[in-house]
Amino acid sequence: MIVGLDIGSRSIELVGMKNRVVVRAERVPTTFDPLSQCGKLLEGLRPDILVGTGYGRNLIERLALNCECTVITEIKAHALGAGHLFPEAATVLDIGGQDTKAIALSNGKAVKFEMNDRCAAGTGKFLEYTAGVFQIPIEEFGQYALKGENPPEISSICTVFAETEATSLMARGEQPESIALGLHKAIIKRTVNMLNRVGLRLPLVFSGGVANNPCVRSLLASAIDARENEGLLIPDSPDMVGALGAALHRANS
Amino acid sequence: MTDSAHREMWEKLDLDLEAHNALLEVLGKFYGDIYMSQQNRLQGAEYLDFVLSEIHGLRIKELREAQAEGRKVVGTFCVFVPEEITLAADAVHVGLCAGAEAGTELAEQLVPRNTCALIKSFIGFKMAKLCPYTESCDMIVGETTCDGKKKAYEAFNEIAPTYIMEVPQTKTGAARALWKSEVLRYLAEIEKLTGRTITPEKLKQGIRTVNAKRQALQRLTALRAANPAPISGRDALLVNQISFYDDPARFTAKINELCDELEKRIEAKDGIAPAKTPRLLLSGCPMAVPNWKLPYVVESAGAVIVGEESCIGTRNTRDLVDESGETMDEMIDALVDRYLRIDCACFTPNSERLDNVAELAKATHADGVIHYSLLFCQPYSHEALKVDKTLAAEGIPMLSIETDYSMEDVEQLKTRVEAFVETLA
Ligand code: SF4
Ligand code: SF4
């Protein structure tokens, strides 16, 4: 079995493949002890090759497995995964827990990419943090924001400043749903900028945990003149794309 | 590098001994991790290791000995200050640019936070009493290049008197006339400082010495075009960095020896990395000692650096001074012309640089270019966009990196650089 392991800042995903068919796909939170979380995912598995990716990719060296271990970056992993699920993909957007990546593809290969800078502005962490301000579980935050109307402009995508801004908007009596929508819009604005910098071409594959958020999806679709399944392609399990790509890196060769 | 034999000297220079020891310790460890860990390194690297281990020791001792003989020490921050003239007055010319995060908080009392790391570093080193070079200088020369430096020298002047050369911002006839008058003014100032008259013979000697140094560095640049790459980018950067500190004649001899060794290696097809290793050119802001962060990240990502298009690199070495002049005036003109060919991003327009980057990428057989700007460096961040366009038109991939001296973005940088290297494979 070839195993791809995507060690991110928020969660760790595992995809196992045999003969290019996914036979296992699992996910655990990263916690403060990613190494033993990886161990849990791998329990009972005997991979022939392990491919690590994601922020913590180099941790796989410390797993002490009796198999060939190699690493690729999450850029390459997402390009491979998205290209496998949607061979027509031209651009990939991945919004994960702590970073956002835009990747331009050519013949299924990453040719140009952009990543956010050192802070987590406008990433999954941003949504998680601001959802907390509204006391809404992160899974429901998108649905909640979709109820908003005439969203106020949120000028900051800095996680800390956005919270301050949201709080003062609430104090001014703005509808919380509308503020939530404004926060989502702020992310989209920044994301589209990043996509344009790599030369956005459709179809765009949207991967990473934030692709589960319906509000982000619908705002993104209209911002890039596309519709879901038409120009904007979303995998069934968007957070597994990195691990899938990692496994494919060796399953292809 | 923590050799206590030099303690007395540092004490006399009024360094903050405790902080200075801590700095040397960190530097030593950093050097060990980044340099000594390399496999199959050149024999000539012994010279580099030695100079670096004694960068605050023996070399400073030499400067003090020169001063005891009545010679002067001139410190500079920019490759526009003509070393030929300094040498013609038997003075010692050293670079003061600093590449370490030290004294940042102190520096931020004099310059705004959004100032590039290079500026904050040289101010921080001065304020924290960490740099034996700055403390050894009889004269410090600043220059009007970027706004960051211009304003920083005003503040710096209050703690360390700084002579300012006016570097023009364009390359028109009027700008040349201004630059010539500034070169002459510098010459007069150096004569005043040293009490020596710069004769045509002396100036000619100065020109020859600096040309010979640049030729040795040009030779190194040319040899790096070989595949497999005969020397790591880290070592080559160190050579360029040391060229700003060491005695020019000794440096030239040592680098020519190192090049002889490289020629043999190239003949034997013995490289520092296998022939199929992706080759990258670095382009942009200067990397002063001990700023080895990006080269280390790049070469740890499975690539090899084959050139540095920067002031601690080819921008400083590409052009020589025409040696045919005999009279003072002819030689000054030759100097003026040579220095005005420097393609610094502070000039407008600066289109030569775009051609030079593309040309160097081709000459060194680079598979891609990493453009490096220091955070808050307007001139080079601007040009990153232009360089990207130029290279795209030539089909040469480019990655743009903006960073500073801190280590907090190293993981991010690694991912970016590794992903870029993956796209080249
Ligand atoms: S980049 Fe410009 S200002 Fe800086 S050292 Fe080089 S020539 Fe001088
Ligand atoms: S790196 Fe840029 S901002 Fe800093 S001194 Fe040089 S030109 Fe000025």
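Chain B and chain A bury about 1,400 Å² between them, and 47% of that area falls on carbon and sulfur atoms; buried area here is the accessible area (1.4 Å probe) that two parts lose on being put together, summed over both. On the chain B side, T415(B), R416(B) and E422(B) supply 37% of the area that this chain buries against chain A, more than any other three residues. Counted by residues, 19 of chain B are in contact with 16 of chain A, where contact means heavy atoms within 4.5 Å.

The model is predicted: local features need pLDDT of at least 70 and side-chain atom pairs count only at pLDDT 80 or more, while totals for chains, interfaces and linings use all residues. Residues are numbered from 1 along each chain as its sequence is written, chains are lettered from A and ligands numbered from 1 in the order in which they are written, and side-chain values use heavy atoms, with hydrogens and water left out.

Turning to chain B, the fold contains 19 helices and eight strands; helices (H or I, at least four residues) and strands (E, at least two) are DSSP runs, numbered from the N terminus. A compact globule of 425 residues would have a radius of gyration near 22 Å, and the 21 Å of chain B agrees with this. The radius is taken over C-alpha atoms, and the globule rule is 2.2 Å times the number of residues to the power 0.38. Along the principal axes, the C-alpha atoms of chain B fill a box of roughly 60 × 50 × 45 Å. Of its 425 residues, 60% are buried, on a scale where buried means under 20% relative accessible area, exposed over 50%, and partly exposed in between (1.4 Å probe, protein chains only). Among the contacts of chain B with a separation of 6 or more, 75% join residues 24 or more positions apart.

One residue of chain B can be followed in detail. E394(B) sits in the loop between helix 18 (378–393) and strand 8 (398–403). With a relative accessible area of 39%, E394(B) is partly exposed. Residues up to four places away in sequence aside, E394(B) touches A358(B) and K362(B). From T348(B), E394(B) is 46 residues away in sequence and 23 Å away in space, C-alpha to C-alpha.

Chain A has eight helices and 11 strands. Its radius of gyration is 18 Å, close to the 18 Å that the globule rule gives for 253 residues, so chain A is as compact as a globular protein of that length. The C-alpha atoms of chain A fill a box of roughly 60 × 40 × 30 Å along the principal axes. Buried residues account for 55% of the 253 in chain A. Of the contacts in chain A with a separation of 6 or more, 64% are between residues 24 or more positions apart.

Within chain A, M194(A) belongs to helix 6 (residues 176–197). This methionine counts as buried, at 3% relative accessibility. Beyond its neighbours within four places in sequence, M194(A) is in contact with T100(A), K101(A), A102(A), E114(A), M115(A) and N116(A). G16(A), by contrast, lies 178 residues from M194(A) along the chain, and their C-alpha atoms are separated by 32 Å.
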